[in-house]
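Have a go at each task before reading on.

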Amino acid sequence: MSTTGATADPLAALGALPGVAESVESVRKSVDRVYGHRIMRRRSNEITSEAALRGARGSAALSGADWALEEVRRRTDFSGDADARVVGAALRLTAEAGQLLSIWRQSPLRVLARLHLVAAASSDDTVGRPRQQGEPVDEPLVELPLPAAAEVHGRLEGLSELIIKGSLAPALVTAAIVHGELLALRPFTSHNGLIARTAERIVLVGSGLDPKSVCPAEVGHAEQGRAAYLAALDGYVSGTPEGMGAWIAHCGRSTELGARESTAVCEALQRGAA
């Protein structure tokens, strides 16, 4: 992770990057639009459940299992082929995220370890801890150079310290940095993309920006496409102000699209109730 100069609050400094303030404001308006919808006042639990399903589908799609929403909704067994296992992992992570909100600010590394355990659903001794030197990483869709294990451990500790200390940065900025750092590091032997997107969700919900979890950024990441996602990630990894700003803006646009998705769900429910 790179910042724009020495500061006691490096995440807040990122809010001054080109286009970030505009993205933060646009996200806030999109979120407010969902929460202000009349259906949210009466049926918010339904919107939350639907957002969780659609978010899991979007995250799985970015990890190579691009299933139709109705197929995800219909299936009960996700133990079959590789794609089914990816979708199952995405659904488990989405369900688990809400249980970890209170732990995140005190022990983010504990939360990340738990997410890997949930995603992998395996007793392998590589599960639930950062990878060690020489251990392979199964993340074929991200082809960036893989940081060494020692660098991974150091940067995870740094990220954890920033989260525990807290920041005046907008929630969008913090969520984007957590997401980008985890995806760049790929700290676990598997499921790093799914975990990075779940961590982004945890930040957005836990910060109070999206307390009911009805603005699934995963939907927006998938809608913008894998190529745009990876291009934005390249910008993050570059560490330049322009690249970092572009990544944060990409995450902002994804959150807006997630909010738009839930607004459409609200509209559909309203028409059905009319």
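Two exercises follow, each with a worked solution.

This is a predicted model, in which local features need pLDDT of at least 70, side-chain atom pairs count only at pLDDT 80 or more, and totals for chains, interfaces and linings use all residues. Residues are numbered from 1 along each chain as its sequence is written, and side-chain values use heavy atoms, with hydrogens and water left out.

**Exercise 1.** Describe how helix α5 packs against helix α10.

*Solution.* 
Step 1: Locate the helices, which are DSSP runs (H or I, at least four residues) numbered from the N terminus; α5 spans residues 82-97 and α10 spans residues 192-206.
Step 2: Their axes (lines fitted to C-alpha atoms over the stretch in contact, with angles from 0 to 180 degrees between N-to-C directions) come within 10 Å and cross at roughly 25°.
Step 3: α5 is therefore roughly parallel to α10, a label for angles under 35 degrees.
Step 4: List the contacts (heavy atoms within 4.5 Å): Val86, Ala89, Ala90, Leu93, Thr94 and Ala97 in α5 meet Leu194, Ile195, Thr198, Arg201 and Ile202 in α10.

**Exercise 2.** Which helix gives the most to the lining of the second largest pocket?

*Solution.* 
Step 1: A pocket is an open set of points on a 1 Å grid where a 1.4 Å probe fits, with protein on both sides within 12 Å along at least five of seven lines; lining residues have an atom within 4 Å of a point.
Step 2: Here 16 residues form the lining, with Trp104, Arg105, Thr174, Val203 and Ser207 nearest the centre.
Step 3: α6 (101-104), α8 (149-165), α9 (171-185) and α10 each give two or more residues.
Step 4: α10 gives the most, with three residues.

Key: Angles under 35 degrees count as roughly parallel, over 145 as roughly antiparallel, 65 to 115 as roughly perpendicular and the rest as oblique.
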